[in-house]
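I wanted to write each term down with its cut-offs as I went.

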Amino acid sequence: MKVRPRSVRVRLTLWYAGALAVVLLVFALGVYFLLRDGLVFEARQRLERDLAVVKRLVLEEPDELEELEEHGTVPLFRATEDGNLLYQSPGWRRLKLDELLGDAAEVGELSFETPEEQHFRVRLEAFRDTRHTYRVSVAYDEQDAHDALNLLRTTLLIGYPLTLA
C-alpha cells in the first residue's frame, strides 16, 4: 500500500525538501574533500621545500645543519652520510621518529600516527654526490590539519541534520 499525498502543494514541498537535502549534502562533502586535499597539498609542498633546504645544506655546508632547527626553518629532520648519522634534529630525536618509522624508512613519502595519536607526514630521499651516499628524512606535524578536519567533520555532521529540521 502506497501513501501518496493528495495535495500538489505537499508533493512540491517534499520534492523541494529532498532536492535541498541533496544539494546541501553535495556542498558539505565538496567543502570537506576540498579542504582535505588542500591540507594534504600544503603538507607535501612544505615537505618538498624542507627536503630541498636540507639537501642543499648537506651537500654544501653540512656543519650548518644544526642551525636549521635552531632558527625553526626545518624543525624535524635527519641526515646520514654513507649510513652514518650526520645530523638529527632534537625534535626528531625527542619524538623518536626513527623508532616509529622502523622498516618503513624507505625512500618516498608516508603518513602515520604515533601511539600518542599525533599525525606526521614524512618524506625520505636518498641521493649521491661524487663520493658519498646521503639519506635525508624530513617530517611535518599534521596534527593541526587533522584537528581542523575533525572539527569540520563534526560541524557538518551536527549542522546537516539541523539545517534540514
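Before looking at any strand, I noted that two strands pair if DSSP finds at least two bridges between them, and that helices (H or I, at least four residues) and strands (E, at least two) are DSSP runs numbered from the N terminus. The model is predicted, so to speak of local features I need pLDDT of at least 70, side-chain atom pairs count only at pLDDT 80 or more, and totals for chains, interfaces and linings use all residues. Residues are numbered from 1 along each chain as its sequence is written, and side-chain values use heavy atoms, with hydrogens and water left out.

Entry 1, the sheet. I found an open sheet of 5 strands in the order S2-S1-S5-S4-S3, with antiparallel pairing. Its edge strands, each pairing on one side only, are S2 (84-88) and S3 (108-113).

Entry 2, the pairs. I looked up S1 with S5 and found antiparallel pairing over 5 bridges, where Phe 77 stands opposite Val 138 in S5. S1 also pairs with S2 in the antiparallel sense, over 4 bridges, and there Thr 80 stands opposite Leu 85 in S2. These two strands, S1 and S2, form a hairpin with 2 residues between them, and Asp 82 in the turn has a positive phi of about 55°. S3 and S4 (residues 119-128) pair over 6 bridges, again antiparallel, and the bridge partner of Glu 113 is His 119 in S4.

I noted that the axes of H1 and H5 (residues 143-164) come within 11 Å and cross at roughly 175°, where axes are lines fitted to C-alpha atoms, for helices over the stretch in contact, and angles run from 0 to 180 degrees between N-to-C directions. H1 and H5 are therefore roughly antiparallel to each other, the term for angles over 145 degrees. In contact (heavy atoms within 4.5 Å), residues of H1 including Leu 24, Val 31 and Leu 35 meet residues of H5, among them Leu 149, Leu 152 and Thr 163.

Which residues line the largest pocket? I listed Leu 25, Ala 28, Leu 29, Tyr 32, Arg 153, Leu 156, Leu 157, Tyr 160 and Pro 161. A pocket is an open set of points on a 1 Å grid over the protein atoms alone, where a 1.4 Å probe fits, with protein on both sides within 12 Å along at least five of seven lines, and lining residues have an atom within 4 Å of a point. The largest share of this lining, 5 residues, comes from H5.

Note on methods: Parallel < 35°, antiparallel > 145°, perpendicular 65-115°, else oblique.
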